[in-house]
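The following exercises are to be worked with the sequence and the coordinates at hand. Each task is followed by a solution in steps.

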Amino acid sequence: MTSKKIKCNITDIDDALSVSKVFLLVEPFSFELLEIPLYRSFFDNVCFYLENKIWGSRFPIVMQNLYNGAVEVSNLKDLLKEIDIIQQEFSKIEVNDLIWDIENLEERCPYLDNMVDEIKTLADFWKTSYKSEDMFEILKRIINFAIENQTEILVEFE
């Protein structure tokens, strides 16, 4: 199977469901982040729990720029602050309250039942598809790398 890369923007998320993973690109590196359904669920939970269901109202860099596929150098420090706040606030929400699909609140995460013993809060839920590392810690490392190297972050699906 050949890989298919799609530059992300808000309309591509549904199209990207035909591919499997999300990568963050910080030239010259590419970092595997999450599988598509987990990526989408992250944003749904931010919107639902932390933004009173108003997309981008509190976390515009995460919810607009990152979600739409690019964070410019000038927004990287604000992105890091938003990620820190999201992580802190997610640590107060039990994993059983996870939103899998904001458009269908009855839908449950297919792997949640297998994870409840080891994962207690939303801050612990998102693990990278590569080596199952904490997504927040990976994001912070990527953002700091981008800040140090003065390069934007791009999102691609593959």
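The exercises below concern a predicted model and proceed from the whole chain to single residues.

**Exercise 1. Overall architecture**

Determine how many helices and strands the chain has, and in which pattern they follow one another.

Solution. 
- Step 1. The chain contains seven helices and five strands.
- Step 2. Read along the sequence, these elements give the pattern β-α-β-β-α-α-β-α-α-α-α-β.
- Step 3. The chain has 158 residues, of which 48% count as buried.
- Step 4. Among contacts with a separation of 6 or more, 65% involve residues 24 or more positions apart.

**Exercise 2. The packing of H2 and H4**

Describe how the axes of helix H2 and helix H4 cross, and state which residues make the contact.

Solution. 
- Step 1. Two packed helices are described by the angle between their axes and the distance between the axes.
- Step 2. Helix H2 spans residues 36-50 and helix H4 spans residues 76-90; their axes come within 11 Å and cross at roughly 70°.
- Step 3. Angles of 65 to 115 degrees count as roughly perpendicular, and H2 and H4 are therefore roughly perpendicular to each other.
- Step 4. On the H2 side the contact is made by Phe42, Asn45, Val46 and Leu50, and on the H4 side by Ile86, Glu89 and Phe90.
- Step 5. Sorted by class, this contact of H2 with H4 comprises five nonpolar residues, one polar residue and one charged residue.

**Exercise 3. Salt bridges across the sequence**

Solution. 
- Step 1. Side chains of opposite charge can pair when their charged atoms come close.
- Step 2. The criterion is a side-chain nitrogen of Lys or Arg within 4 Å of a carboxyl oxygen of Asp or Glu; the count by this rule is four salt bridges.
- Step 3. Lys140 is buried at a relative accessible area of 16%, whereas Asp84 is partly exposed at 27%.
- Step 4. Asp84 and Lys140 are linked with Glu137 in a network of salt bridges.
- Step 5. A further salt bridge joins Arg141 and Glu133, whose closest N and O atoms are 3.2 Å apart. Glu133 counts as partly exposed, with 27% relative accessibility.

**Exercise 4. A loop residue and its contacts**

Locate Ile102 and identify which residues it touches, leaving aside those up to four places away in sequence.

Solution. 
- Step 1. Ile102 lies in the loop between H4 and helix H5 (112-115).
- Step 2. With a relative accessible area of 26%, Ile102 is partly exposed.
- Step 3. The residues touched by Ile102 are Asp44, Cys47 and Phe48.
- Step 4. Ile102 and Cys47 are 55 residues apart in sequence, and their C-alpha atoms are 8.5 Å apart in space.

**Exercise 5. Backbone geometry**

State what kind of peptide bond joins Glu27 and Pro28, and give the phi values of Lys53 and Gln150.

Solution. 
- Step 1. Most residues other than glycine have a negative phi, and most peptide bonds are trans.
- Step 2. The bond between Glu27 and Pro28 is cis, with omega about 5°. Pro28 is placed in the loop between strand E2 (21-26) and strand E3 (29-35).
- Step 3. Lys53 is not a glycine, yet its phi is positive, at about 65°. Lys53 is found in the loop between H2 and H3 and is exposed, with a relative accessible area of 55%.
- Step 4. Gln150 likewise has a positive phi, near 50°. Gln150 sits in the loop between H7 and strand E5 (153-157) and is exposed, with a relative accessible area of 54%.

Note on methods:
Residues are numbered from 1 along each chain as its sequence is written. This is a predicted model: local features need pLDDT of at least 70, side-chain atom pairs count only at pLDDT 80 or more; totals for chains, interfaces and linings use all residues. Side-chain values use heavy atoms; hydrogens and water are left out. Axes are lines fitted to C-alpha atoms, for helices over the stretch in contact, and angles run from 0 to 180 degrees between N-to-C directions. Helices (H or I, at least four residues) and strands (E, at least two) are DSSP runs, numbered from the N terminus. Angles under 35 degrees count as roughly parallel, over 145 as roughly antiparallel, 65 to 115 as roughly perpendicular and the rest as oblique. Contact means heavy atoms within 4.5 Å. Ala, Val, Leu, Ile, Met, Phe, Trp, Tyr, Cys and Pro count as nonpolar, Asp, Glu, Lys and Arg as charged, and the others, Gly among them, as polar. Buried means under 20% relative accessible area, exposed over 50%, partly exposed in between (1.4 Å probe, protein chains only).
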